[in-house]
Amino acid sequence: MLFRSNYDSEILHLKESLQALDLGCKELRTRGLFLKLLEAILKAGNKMNAGTSRGNAQGFNLSTLRKLSDVKSTDGKTTLLHFVVEQVIQSEGRRCVFNQNHSLGRNNSHRGKNGDSISASLTAEDRDREYLKVGLPAVEDLSNKFSNVKKAAAIEYDSFSNMCSSLTSHVAEIRQLVTRCANSEKDKRKRIRREHAKLLNTEIPQEVENMASARLGEGLSMKEELIKKACSLAMKAYNSPEKTYLVEKSRSSTDVIFSFPGFWSVNDWFTRHPFGEKKIDLAQFPSLRSIGTEEVAAVNEGFLNRFQAILPSLENEVEKAVKERKQIVFTGHSSAGAIAILMTVWFLEKYMTDMRPLCFTFGSPLVADCIFNHALRRQDWSQYFTHFVMRYDIIPRVFLAPLSFIERELPTILHFLKHKLLMQGPIGEAASALYVNVMRHASATASRAACHLMGNTNKLSETLLSFIELSPYRPFGTYVFCTGSGELVVVRNPDAILQILFYASQLTSEVEEGIPLSSDGDAAGNLTIDAVLNNLGLSTRARLCLCAAGELERQKLSNEDKINKKRTDIEKGLQILEGYKTRCEARGISYYDAFKLSKDTDDFNANVKRLELAGIFDEIMEMLKRYELPDQFEGQEDWINIGTTYRRIVEPLDIANYYRHLKNEDTGAYMTKGRPKRYRCTQKWLEYALKVPAGSSWESCFWAEVEELCLNPVKERVFLLEKQVETWFSKGQLGNDIFFEESTFIKWWSTLPQQHRSESCISKLINKARN
């Protein structure tokens, strides 16, 4: 009982500790400053041991680092650690001075004379002191750069080791207990169930609902009559290949139902090897992409071509139904379901602010990839799609296998479906072969997905799966699984749906007592759902996968709560930086130029706050990259607004820091080489929300463009910037501080030809600001 009660907290502590160690090691390996420190220590050691057998060492034991503070100078005040750090700072200072002098030599006409260089007339001691001052900013945020190293250093090794040993021994005891239960099959199942309840203590996803005792429409919050009408028309259209589409409407009805014919040519299903997918055209479907990662959704090309062919003849009918304020329903059976899906997405893109359609498919194959699902969930469109699937229907699973493995059998099966032939002879053999090949690849796809759900990082399994062509297609929307015995199971979790698509279609499976759905709650309800899952043939492994899918969804919500709690810290940080900006303006200097000079304590405090906010937003970016936040996160208005405010206030400080340290000479221009992902991503959020072209909201990069034009005043870019300044200033996105007499912008603009300045579109703004 004690092990059970402490299990979750101990595992969480171990995960956090291991993560801190892993990240700390990465920081030590990748931060160049730490490598320079080790190099300085090695040189100091060789210098001290000169003339001895240890005076030409190629390396040293890391345990030596602990002894650096024990070696002291003759006065007893300075340790070897102080000396080495001082040497590294001086080295950084020399590098900065060299880069500055080099830059000033190349750009003297734009930069002025060498005010930043260190005079050669200084004594060696004074020069070293100046190098220390210049090099100090390079290491001032060392604590932030090695934040994970600090966390790792705080871990108590003995406590950590004992906890690992304790967990290992307890797991070994549980394994022994399970092994001893093998004497009695009945006793074995009871004990496994009890141990699963202790170790997992989790639930089947809440999205799994039982409709065994409910009317068809009740579990879906829809009219049963509407679903039946959609099904009837879908079957009618499926058997009418001569029709482009069928429509059912009446003056007395509030619904208009569009259904589509089926198609039975393999070329209409697979246009290419291995899976026949194609990236969507964003001009027609602008929402079908990931905002942050810029990944574009892929859909089946054959179905997309068929949709494009039908759309022109359908548009007028849809437009008429919209004007009549009808409830529009798209439906289709088998391959026609794919057309209904694409029609529904097209409708949502075109009429998203006016009406909401419904889409019912019956035995539809998978149509698109995980980005498609991600986009629909972000837009909150998944709720409009409902897919009915029979337990053993192979068509909803067929795209889990590549064409090369099913191209012999698929034409035969499609011919059978078209002409409704008897399942015997060659057709029966083709059906068996198709089933085996599809299930083999469905197993690989489901296993790979299950490894992701359970956090399995087994390198061997990853290597083996890398040799298998895995399907890109994934389910989305609401799935209604028909067990064949009168029950319906409604599932809305896409990860759980993929597992059920594989496990529910097994011809033979062990019917087990199952894993308890919850350690508490309605026992009768759990037993009912447990019985329904048994009717789907879901084994213990399948239920574990469903549990993992539910846990992943809950973890995403937990991550979102964690991030939302940091909003207060973000808002406070932005208020502090707003105050810093106001104080700089009161002194007659833009906060960009003040931060670039960094002479005062106020500038240092602003830098600390900049780094704190960067840490929070970088964490958000990493979670989005790994899809560890709910799909709806990127579309939330609150986060779009706070991300925009953050970008407009803080990015100028990052730009100032970038050009202050001359990183443009080592890395390249800020906007193309040095811009952090946190700013690029928050800009995309805003552009997507406003539905403006990508890259059009770059007002926070104003100072970066000014810095580049100082180095290379390209005429076309000068004109473009001036037009943008006029627009941004009129919208309040830039303030009066850019027109201060000593601002970098005005200094640069004043170097432009007199004729250009007098004709410039911003000359009136500048003159007004000066007066």
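Lys691 sits in the loop between helix 28 and helix 29; helices here are DSSP runs of H or I with at least four residues, strands are runs of E with at least two, and both are numbered from the N terminus. Lys691 is not a glycine, yet its phi is positive, about 55 degrees. With a relative accessible area of 59%, Lys691 is exposed. The classes are buried for under 20% relative accessible area, exposed for over 50%, and partly exposed in between, with a 1.4 Å probe and protein chains only.

Before I go on, this is a predicted model: local features need pLDDT of at least 70, side-chain atom pairs count only at pLDDT 80 or more, and totals for chains, interfaces and linings use all residues. Residues are numbered from 1 along each chain as its sequence is written, and side-chain values use heavy atoms, with hydrogens and water left out.

Asp380 also has a positive phi without being glycine, near 65 degrees. Asp380 lies in the loop between helix 14 and strand 9, residues 385-390, and is partly exposed at 45% relative accessible area. For background, most residues other than glycine have a negative phi, and most peptide bonds are trans. On the peptide side, the bond joining His273 and Pro274 is cis, with omega about -5 degrees. Pro274 belongs to the loop between helix 11 (266-269) and strand 4 (277-279).

Now the chain as a whole. There are 33 helices and twelve strands. Of its 771 residues, 47% count as buried. Taking contacts, meaning heavy atoms within 4.5 Å, between residues at least 6 apart in sequence, 73% join residues at least 24 apart.

Two helix pairs next. The axes of helix 24 and helix 28 (residues 677-690) come within 9 Å and cross at roughly 70 degrees. Axes are lines fitted to C-alpha atoms, for helices over the stretch in contact, and angles run from 0 to 180 degrees between N-to-C directions. Helix 24 is therefore roughly perpendicular to helix 28; under 35 degrees counts as roughly parallel, over 145 as roughly antiparallel, 65 to 115 as roughly perpendicular, and the rest as oblique. The crossing of helix 24 and helix 28 is left-handed, that is, the near helix is turned anticlockwise from the far one by less than a right angle, clockwise being right-handed. Residues making this contact include Phe617, Asp618 and Met621 of helix 24, and Arg678, Cys681 and Trp685 of helix 28.

The second pair is helix 25 with helix 29 (residues 702-711), their axes 8 Å apart at an angle of about 25 degrees. These two are therefore roughly parallel. From helix 25, Pro652, Ile655 and Tyr659 meet Trp703, Ala704, Glu707 and Glu708 in helix 29.

How many salt bridges does a search of the whole structure find? It finds 26, where a salt bridge is a side-chain nitrogen of Lys or Arg within 4 Å of a carboxyl oxygen of Asp or Glu.

Glu317 and Lys249 form one, at 3.3 Å from N to O. Glu317 is in helix 12 (residues 301-323) and Lys249 in the loop between strand 2 (246-248) and strand 3 (255-259), 68 residues apart. Lys249 is partly exposed, at 43% relative accessibility.

Arg377 pairs with Asp631, the closest N and O atoms being 2.9 Å apart. Arg377 is in helix 14 (residues 370-378), and Asp631 is in the loop between helix 24 (601-625) and helix 25 (637-660), 254 residues apart. Buried or exposed? Arg377 is buried at 13%, and Asp631 is buried at 8%.

Lys566 is in the loop between helix 21 (540-565) and helix 22 (567-586) and Glu619 is in helix 24, so the bridge ties together parts 53 residues apart in sequence. Lys566, at 21%, is partly exposed, and Glu619, at 22%, is partly exposed. Salt bridges with shared partners also join Arg610, Asp618, Asp654 and Arg678 into one network.

Last, cysteines. The structure holds zero disulfides, a disulfide being a pair of cysteine sulfur atoms within 2.5 Å. For Cys547, the nearest cysteine sulfur is that of Cys545, 9.2 Å away. Cys547 is buried, at 4% relative accessible area.
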